Amino acid sequence: MAQDLQWTKKTFTLNTGAKIPAVGLGTWQSKPNEVREAVKAALLAGYRHIDTALAYGNENEVGQGIKDSGVPRSEIWVTTKLDNPWHKRVEEGITSSLKSLDMDYVDLYLIHWPSSTDPDDLKKHYPDWDFIKTWQEMQKLPASGRVKNIGVSNFGIRNMEKLLNDPSCKTTPAVNQIELHPNCPSPKLVDYCKEKGIHCTAYSCLGSTNSPLAKDATLMKMAENKGKTPAQVLLMWGLQRGTSVIPKSVTASRIEANFQLDGWSLTDEEMKQLSSLPDRFKVCGDAWLPVKVFFGDDE
Ligand SMILES: NC(=O)c1ccc[n+]([C@@H]2O[C@H](COP(=O)([O-])OP(=O)(O)OC[C@H]3O[C@@H](n4cnc5c(N)ncnc54)[C@H](OP(=O)(O)O)[C@@H]3O)[C@@H](O)[C@H]2O)c1
């Protein structure tokens, strides 16, 4: 029954047995002095999952926001990510993140991109190192207790196959965090991950800053008919596909509205309609990286 659905309390069980809250707060592009308040507001509104990354330069403020909220650390899921120029320094990377966050552990640590970038020249990929070697280092982390679960981000099917088929891969990633919204639905990749027992978290789930989806007529009409905001409908689409969603906002009213997801749902027909929108766009491409990571193998 739709009225019984409690998406804000729901968790998805990972292949490690850990439970990741279905709805989290994203923090990319949250400006300094904004993100601390946003994290606090989200936790006070009931969020229990915060997504950050070394590359966002805001782990310190995220940690402060968590403390400000007064919500016990043990009740919060914190994800952070290893930055590309740190692939040869995994241990140093997590130490740096934990120090900035002022925490003893993170719940999930992800390889941010399958790109082992030379820190001395960001246009170069290491000739002697790739994400397979990075994963070998990542696999050592859970034993320390400082990282509860490990995963990847921005892995398409080709790179995921390469990783899973390598004899050194002993731990299947618990999560693949990827761009997912109705204009980038990647059904093949989502199905592939499901088959391998890898949970997908949907990033840019609203279509990110200045989202073209905000003008999509089908979405607008559906939201109006349901008495919901377009953002709520997009989040519900992500949740009903079995992915966790991490909408970013630094606006208190939007942070609250994006969490009003209990007691309603999209019908099969509405899900189908959103999954069939013809437009395509990707917020995060790979042109800025020294190596290609997307191969169009997800549709
Ligand atoms: N792994 C990766 O490589 C990767 C890449 C991209 C993102 N991410 C993660 O995923 C998170 C979400 O993705 P994202 O930040 O790209 O974009 P998003 O969450 O899809 O969209 C964020 C944008 O939507 C606005 N917004 C939020 N709620 C709204 C509402 N109810 N109505 C209208 N506008 C609303 C926000 O504005 P205000 O903030 O001004 O309210 C912001 O401009 C990131 O923050 C990050 O944590 C990960």
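Where is the place of S69 in this structure? S69 sits in helix α2, where helices (H or I, at least four residues) and strands (E, at least two) are DSSP runs numbered from the N terminus. This is a predicted model, in which local features need pLDDT of at least 70 and side-chain atom pairs count only at pLDDT 80 or more, whereas totals for chains, interfaces and linings use all residues. Residues are numbered from 1 along each chain as its sequence is written.

- With 19 C-beta neighbours inside 10 Å, S69 counts as partly exposed; a residue is buried if 20 or more other C-beta atoms lie within 10 Å of its own, exposed if 12 or fewer, and partly exposed in between, with C-beta atoms placed from the backbone.
- Leaving aside neighbours within four places in sequence, S69 is in contact with K40, L43 and L44, a contact being two residues whose C-beta atoms, placed from the backbone, lie within 7 Å.
- S69 and I198 are 129 residues apart along the chain, and their C-alpha atoms are separated by 31 Å.
- The axes of helix α2 (residues 59–69) and helix α3 (residues 90–101) come within 7 Å and cross at roughly 45°, where axes are lines fitted to C-alpha atoms, for helices over the stretch in contact, and angles run from 0 to 180 degrees between N-to-C directions.
- The two helices α2 and α3 are therefore oblique to each other, given that angles under 35 degrees count as roughly parallel, over 145 as roughly antiparallel, 65 to 115 as roughly perpendicular and the rest as oblique.
- On the α2 side the contact is made by E59, N60, V62 and G63, and on the α3 side by S97, S100 and L101.
- The residues of this contact of α2 with α3 divide into two nonpolar, four polar and one charged, where Ala, Val, Leu, Ile, Met, Phe, Trp, Tyr, Cys and Pro count as nonpolar, Asp, Glu, Lys and Arg as charged, and the others, Gly among them, as polar.

**Helix α1**

- Eight of the eleven residues of helix α1 (residues 35–45) are buried, so this helix is largely enclosed by the rest of the structure.
- The buried residues of α1 are V35, R36, A38, V39, K40, A41, A42 and L43, and they pack against β3 (25–26), β4 (49–51), α2 and α9 (252–257).
- Just after α1, G46 takes a positive phi of about 120°.

**The nonpolar core and the ligand shell**

- The largest nonpolar core has 72 residues, of which V39, Y109 and C205 touch the most other members; such a core is a set of buried Ala, Val, Leu, Ile, Met, Phe, Trp, Tyr and Cys residues joined through C-beta atoms within 7 Å.
- Helix α8 (residues 230–240) gives the most to this core, with seven residues.
- Not counting residues up to four places away in sequence, Y109 touches T80, L82, I94, L141, V147 and I150.
- The ligand is surrounded by 29 residues, the closest being G26, W28, Y203, L206 and K248; a residue is near a molecule or strand if its C-beta atom, placed from the backbone, lies within 6 Å of it.
- The shell around the ligand divides into eleven nonpolar, 15 polar and three charged residues.

**Two residues with positive phi**

- Most residues other than glycine have a negative phi.
- N154, in the loop between β7 (147–153) and α5 (157–164), has a positive phi near 60° and is buried, with 22 other C-beta atoms within 10 Å.
- S186, in the loop between β8 (175–179) and α6, has a positive phi near 40° and counts as buried, with 22 C-beta neighbours inside 10 Å.

- Y192 has its place in helix α6 (residues 187–195) and counts as partly exposed, with 19 C-beta neighbours inside 10 Å.
- Leaving aside neighbours within four places in sequence, Y192 is in contact with I157 and M160.
- C193 also lies in helix α6 and counts as buried, with 22 C-beta neighbours inside 10 Å.
- Not counting residues up to four places away in sequence, C193 touches N176, I198 and C200.
- A202, found in strand β9 (residues 199–203), is buried, with 28 other C-beta atoms within 10 Å.
- Not counting residues up to four places away in sequence, A202 touches L180, G238, T243, S244 and V245.
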